[in-house]
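Please look through the structure shown here before reading on.

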Amino acid sequence: MTPITLPSPPDRPPALRRGRRHGWLLAGLCGLWMAEGRLLSRGASYSGPAGGHHAHLVVWCAGLLVAACVLPWAPLAVRAVAAATVSWSATGYLLTVGAHMPVWGLTEGAALLVLLALVAWRTPVRAGVPLGIALSAGVLAAPVRDADALSTTVVAYSLVVAGVAALGLCLRYRDVERARAVAAAREAERLELAGELHDFVSHHVAAMTLLAKATGSLARDERVAASLRDIEEAGGEAMTTARRLLRVLHQDEAHREPLPGLDRIAELVDDFSRASGAPRASLHVDPCFDAGLAPELAASVHRIVTEALANVTKHSPGASSVEVELRDAGPRLFVSVRDDGRGPQHTRRTPEDSGGLGLVSLTERADAIGGSLTAGPVPGGGWEVLAVLPVQH
């Protein structure tokens, strides 16, 4: 049997990916700032107490300071306040000295728009509203520096500000909806686990109660018989309480089907292969895999394979084959579903980041029984969902 390799460390940690995004953004702002500097240096001198070149320097320095506020050197709210303060100070100074500039600060405006989008996206509402207004006003005040600016220019700036703010709000709404969907998936999985807990525990408690009852009927010592009757009554009360709690948890849920086990995984793989347009699926099972496996663990394995095969259909349409491998490696079980297609992402990521709510619920299940679950690309091409579960017999 082909061995299953453990998941490799993430190729690109989240911090590295965020650093690269910041790098590209800052590179763009720096390029814009240098181009603006050349444009300002070629401009003619304008009348006014400040002098044209002096006013050019004010605009250029303001662009550099505001662009620096995009860097994560402080909380976003602090950087937004600093950027708005610099922008308004530059505008106030140029209007005070009467230096009307035909170049309004391209780098400064771009950096203010980036901060406006971030504020609308990530800042709490109470602080985001005044910060958004201050940043928007800073962008809209740039054309005022030029006395000859057309009213259509101000309208165009207003439309750009509105579009950027709307983009930030859309990203905020997406994150909120995503968080709600993840919470709902986790809650549904916890309810499912609660039902399975009742099924597993009830079997053992019922056996314990029957054993106590049978032993009590044979006991000659009255004190031993009384103790066994107490055990029998405690077991009955535990079963009643468990059923009551389960009814409360599932009072709005549909009727639960019997828990599937390992005996249905082969049927599951065959049904997947027979589906129209589905890739060919093969199953490789370690002969020792299902030897005395606990029923709750068998149900979890079945659920993981089901969701992983569903993800192949959704996210790997170019896959031609799928391999399902179940291996027992001493204290741990390995459940691997690997296809030869191209998954939704190019790096190994956590299920929360991958966008699949099914994988989020499976992570909850794996964590609940002391295991782990990862999804991502594998060396040589393909996509793999790998669960590592503790052995429970």
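Predicted model: local features only at pLDDT ≥ 70, side-chain atom pairs only at ≥ 80, totals over all residues.

Residues are numbered from 1 along each chain as its sequence is written, and side-chain values use heavy atoms, with hydrogens and water left out.

Q: How many helices and strands does the protein have?
A: Helices (H or I, at least four residues) and strands (E, at least two) are taken as DSSP runs, numbered from the N terminus. Counted in this way, the secondary structure comes to 11 helices and 5 strands.

Q: Is E108 buried or exposed?
A: Residue E108 lies in helix α4, which covers residues 106-122. Buried means under 20% relative accessible area, exposed over 50%, and partly exposed in between, with a 1.4 Å probe and protein chains only. Because its relative accessibility is 2%, E108 counts as buried.

Q: Which residues does E108 contact, leaving aside its neighbours within four places in sequence?
A: Contact means heavy atoms within 4.5 Å. With those neighbours left aside, the partners of E108 are A62, G63, V66, S87 and R145.

Q: Which residue in β5 stands opposite V335?
A: Two strands pair if DSSP finds at least two bridges between them. Strand β3 (residues 332-339) runs antiparallel to β5, and 8 bridges join them. In β5, the residue opposite V335 is A387.
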